[in-house]
Amino acid sequence: MSFGRMETEFRAKRDQGRKLLVPYVTGGLTGWQQAIRAAADAGADAIEIGIPFSDPVMDGPIIQEASQRALDAGVTPVSIFEEARELEVGIPLAVMCYYNTIHHAGHERFAYQLVSAGISAAIVPDLPLEESGPWCAAADAAGIETVMLAAPTAPDDRLPRIAARSRGFLYSVGLLGVTGERNSLAASATALAKRLKAVTDVPVLVGVGVSNAAQAREACLVADGVIQGASVVRRLMDGGPEAVGEYVAEVRAAITF
Amino acid sequence: MSILDEPSLEGRFGEFGGRFVPETLVPACQELEAAFRDAWADPTFRGDLNQLLSEYAGRPSMLTECHNLGRSLGIRLILKREDLNHTGSHKINNVLGQAMLAKRMGKTRLVAETGAGQHGVASATAAALLGMSCKVYMGAVDVERQSLNVFRMKLLGAEVEAVHSGSRTLKDAVNEAMRDWVATVSETHYCLGSVMGPHPYPWMVREFQRIIGEEAHAQCRELLHGDDPDFVVACVGGGSNAMGIFSGFIDTTTARLIGVEPAGGAAVGRGVPGVVHGMRSYLMQDEYGQVQEAHSISAGLDYPGVGPEHSYLASIGRAEYPTVTDDEVISAFQLMARAEGIIPALECAHAMAWIVREAPKMQGKVVLMNLSGRGDKDVGQMMEILG
């Protein structure tokens with residue numbers, strides 16, 4: 001089968017021995033475009049753009065706050081897409097959005113909006129395998145890669161089915177819980193990544209609870225890469241785009257073996 | 001053909017329902033569905049639950065005919081007295097079922113969301129009875145206006161956490177309870193309080209609440225010498241008390257089923273299909289799919305969505321979902337107290353308000369209303385409103 005842009009690039013980089021780094025930035029948050037450019041310059045392989053939603057059940061306090069700030073400032077999916085079009089960072093972009101954002105726009109229309117905005121992939125944390133059919137059909141048709149999530153609670157027979165439906169990469173949920181920074185990497189993070197690596201050759205990236213450079217390195221001992229959300233968004237809110245660039249460079253150095 | 005059926009294998013009632021949850025929770029929902037199917041088919045479980053419902057909750061609840069109000073409104077008005085259950089509402093029916101099920105599944109902890117506090121109190125009660133720990137999430141706005149129920153939950157040994165995110169009401173309490181469940185799923189059961197959420201909750205909670213309708217149907221046949229009521233009326237937030245009483249009448253009668261929503265939280269009346277809290281259902285949302293805040297005098301109905309089976313019943317025309325205003329509710333609350341000596345929960349005063357408004361069109365008809373909770377919890381709030 002032929003792969004989309006993100007998966008093609010990720011597979012090639014992985015095969016060259018590079019660990020993949022995907023920072024998450026809340027779309028519309030003050031300084032978000034500069035933060036994405038800084039992250040790209042500092043060694044990110046793709047960017048995950050969070051589309052703020054009123055009821056983000058998979059997100060902890062930091063990303064909740066960032067989403068709320070963006071919503072309060074009048075940010076909408078459409079305003080984010082318009083601004084994303086101007087980014088031109090040379091690496092693939094993905095959106096992280098809750099399913100109602102897609103459902104409300106309509107599957108085909110939303111996929112078309114992503115394509116028009118130059119976005120390659122979508123991560124939908126409340127759309128599990130069993131409910132993913134209609135969206136995936138529209139996304140496949142439009143050439144949008146839908147990244148599936150696998151969680152530590154999944155029985156063994158479920159993992160290959162999730163991996164088979166995943167495009168771009170496979171999102172290995174690091175712990176039982178919501179996004180946010182933790183003192184240490186949960187044992188479940190490497191355990192699940194290991195289980196997934198055993199059943200698929202889709203690039204496996206660990207996200208949720210990968211909170212600093214050292215934890216990213218630990219996860220990358222097993223996984224093909226990491227997604228970093230809350231630790232990036234907190235730096236953007238506290239220190240601005242430069243702080244994001246510095247942090248991404250630090251993580252990049254830590255996962256360069 | 002039966003309308004009141006099991007949902008499809010995917011948990012759909014028509015095009016509504018489903019299981020839109022984070023991947024982490026999919027195995028938990030599957031496990032819960034399997035455990036519920038097993039328990040519900042097990043005569044021992046059913047027997048134990050029925051014993052608790054009768055000896056602890058006080059079932060069956062009785063019917064009361066309101067002769068004074070009936071005379072002045074020109075109708076026959078009959079109440080199903082769920083307000084007389086232990087803990088003061090219909091919530092205990094569902095909670096005893098779920099807590100027993102959780103225990104059977106080996107879970108040691110319950111988490112629950114609550115709006116008015118009735119479901120939180122019932123969950124805390126069941127946890128105390130069955131020796132489980134319990135944490136209740138409640139919007140900060142509701143903690144304020146339902147302080148009596150907050151203290152009741154604490155007295156019963158539950159931990160109550162005020163939720164400060166979003167609109168700080170019921171919908172945000174659901175979000176926070178789901179976040180807790182995602183992190184604690186191995187030892188925790190999410191004791192959801194209404195016919196909403198991901199499959200199997202809408203179906204399971206309806207099954208635990210259908211005892212209201214089954215009792216009421218038989219009791220009406222006796223009271224009305226073999227006849228059925230012309231109207232069955234209940235308030236709708238998530239919709240568990242309404243699904244409970246409708247269940248006894250959907251297939252077996254031609255009674256008109258009326259689910260009364262608050263004007264500020266009219267999911268069916270003003271919503272379009274959307275997906276939140278694990279289900280596809282009517283939902284109040286803006287042009288980008290952001291869920292809108294509901295605004296109702298009653299904390300228990302302050303919810304922008306509705307259970308998926310209600311969306312289904314509305315879509316096929318078997319039930320109707322009109323709205324009433326806060327002012328109509330305040331009048332109905334006082335009317336019931338003075339005319340019948342019954343102080344209803346503010347939620348149920350919505351059903352009463354619709355009956356009062358529509359009585360001129362129902363002259364001579366028999367109207368059954370589910371009085372799903374008592375108003376003790378609302379007295380403080382009404383004291384402020386009425387001065």
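Modeller: A residue is termed buried if 20 or more other C-beta atoms lie within 10 Å of its own, exposed if 12 or fewer, and partly exposed in between, with C-beta atoms placed from the backbone. Residues are numbered from 1 along each chain as its sequence is written, chains are lettered from A, and ligands are numbered from 1 in the order in which they are written. This is a predicted model, in which local features need pLDDT of at least 70 and side-chain atom pairs count only at pLDDT 80 or more, whereas totals for chains, interfaces and linings use all residues.

Biologist: What is the mean pLDDT of chain B?

Modeller: pLDDT is the predictor's confidence in each residue, from 0 to 100. The predictor gives the complex an ipTM of 0.97 and a pTM of 0.97. In chain B, 100% of the residues reach a pLDDT of 70 or more, and the mean is 96.

Biologist: Which helix supplies the largest share of the side of chain A that touches chain B?

Modeller: Two residues are in contact if their C-beta atoms, placed from the backbone, lie within 7 Å; 31 residues of chain A are in contact with 28 residues of chain B. Helices (H or I, at least four residues) and strands (E, at least two) are DSSP runs, numbered from the N terminus. At least two residues of this side of chain A come from each of helix H3 (61–72), helix H5 (99–105) and strand S5 (145–150) of chain A. The largest share, six residues, is supplied by H5(A).

Biologist: How many residues of that side of chain A are charged?

Modeller: Ala, Val, Leu, Ile, Met, Phe, Trp, Tyr, Cys and Pro count as nonpolar, Asp, Glu, Lys and Arg as charged, and the others, Gly among them, as polar. On the side of chain A that touches chain B, 18 residues are nonpolar and nine are polar, while the number of charged residues is four.

Biologist: Is B:His225, which has a positive phi, buried or exposed?

Modeller: B:His225 is found in the loop between H9 and strand S9 (231–235) of chain B, and its phi is near 55 degrees. Most residues other than glycine have a negative phi. B:Thr87, in the loop between strand S4 (76–81) and helix H4 (91–104) of chain B, also takes a positive phi, near 75 degrees, and has 25 C-beta neighbours inside 10 Å, so B:Thr87 counts as buried. B:His225 has 6 such neighbours and therefore counts as exposed.

Biologist: Which residue does a cis peptide bond join to B:His199?

Modeller: Most peptide bonds are trans. One cis bond runs from B:Arg59 to B:Pro60, with omega near -5 degrees, and B:Pro60 is found in the loop between helix H2 (43–55) and strand S3 (63–65) of chain B. A further cis bond has omega of about 15 degrees and joins B:His199 to B:Pro200.

Biologist: Why are the buried residues of helix H13 (residues 326–340) of chain B placed on the same side, and what arc do they cover?

Modeller: The buried residues of H13(B) are B:Glu328, B:Val329, B:Ala332, B:Phe333, B:Met336 and B:Glu340, and what covers them includes helix H3 (67–73), strand S14 (323–324), helix H14 (346–358) and helix H15 (379–386) of chain B. On the other side of H13(B), B:Asp327 and B:Arg338 are exposed.

Biologist: In strand S4 (residues 121–123) of chain A, which residue is the bridge partner of A:Ala94?

Modeller: Two strands pair if DSSP finds at least two bridges between them. Strand S3 (residues 93–96) of chain A is covered on both faces, with A:Leu93 and A:Val95 buried on one side and A:Ala94 and A:Met96 buried on the other. Strand S2 (residues 47–50) of chain A runs parallel to S3(A) over four bridges, and three bridges join S3(A) to S4(A), also parallel. The partner of A:Ala94 in S4(A) is A:Ala121.
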